[in-house]
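Here are a few notes to read alongside the model, for anyone opening it for the first time.

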Amino acid sequence: MPEPPHIPGADELRRLLAEIAEAHMPFGMYGPTRFPPHGCPLMDLPAEYLDWFRLRGFPRSRLGALMQQTLQIKDAGLDSLFEPFRAAAGGRRQFPRK
């Protein structure tokens, strides 16, 4: 029988959200080349972009784990959990219209 999913406690969730809020996309179309100086914050990546990684595989690193957790938060409709971090950073990252 599969192991049940881990449900983080309040302190663990707070630390995870802070870590996601501080992490930036270091490569690709949301990396530093197009979003200087550090790349787009993970919390502001479009869910569609993160979903692309879900289909093709997340990086096998802490970054990949944070990207996966970011997508889970967004998919659950809990993107508002990032609002205090966005407010502290000056607001949500805006993307140019195509």
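1. One term before we start: a residue is called buried when its relative accessible area is under 20%, exposed when it is over 50%, and partly exposed in between. Keep in mind, too, that this is a predicted model.

2. With that cut-off, take Asp79: its relative accessible area is 17%, so it counts as buried. Its side chain meets that of Arg86 in a salt bridge, at 3.1 Å from N to O.

3. Asp79 and Arg86 belong to one network, joined by salt bridges that share partners, together with Asp44, Lys74, Glu83 and Arg92.

4. How many salt bridges does a search of the whole structure find? The count is 10.

5. Have a look at Glu19 and Arg62, whose side chains form a salt bridge with an N to O distance of 2.7 Å. Glu19 sits in helix 1 (residues 10-22) and Arg62 in helix 3 (residues 62-75), so this pair ties together parts that lie 43 residues apart in sequence. Glu19 counts as partly exposed because its relative accessibility is 30%, and Arg62 is partly exposed as well, at 44%.

6. Arg54 and Asp75 make another salt bridge through their side chains, at 2.7 Å from N to O. Here the link runs between distant parts of the chain, with Arg54 in helix 2 (residues 47-56) and Asp75 in helix 3, 21 residues apart. Arg54 has a relative accessibility of 43%, so it counts as partly exposed. Asp75 is partly exposed too, with a relative accessible area of 46%.

7. Now for the nonpolar side of things. The largest nonpolar core contains 22 residues, and the ones with the most contacts inside it are Ile20, Met25, Tyr30, Leu42, Leu45 and Met67. Which elements give two or more residues to this core? They are helix 1, helix 2 and helix 3. Helix 3 supplies the largest share, five residues.

8. Last, zoom in on Leu45, one of the core residues with the most contacts inside it. Leaving aside residues up to four places away in sequence, Leu45 touches Met25, Tyr30, Cys40, Leu50 and Lys74. Lys74, meanwhile, is part of the salt-bridge network from point 3.

Note on methods:
Residues are numbered from 1 along each chain as its sequence is written. This is a predicted model: local features need pLDDT of at least 70, side-chain atom pairs count only at pLDDT 80 or more; totals for chains, interfaces and linings use all residues. Side-chain values use heavy atoms; hydrogens and water are left out. A salt bridge is a side-chain nitrogen of Lys or Arg within 4 Å of a carboxyl oxygen of Asp or Glu. Helices (H or I, at least four residues) and strands (E, at least two) are DSSP runs, numbered from the N terminus. Buried means under 20% relative accessible area, exposed over 50%, partly exposed in between (1.4 Å probe, protein chains only). A nonpolar core is a set of buried Ala, Val, Leu, Ile, Met, Phe, Trp, Tyr and Cys residues joined through side-chain atoms within 4.5 Å. Contact means heavy atoms within 4.5 Å.
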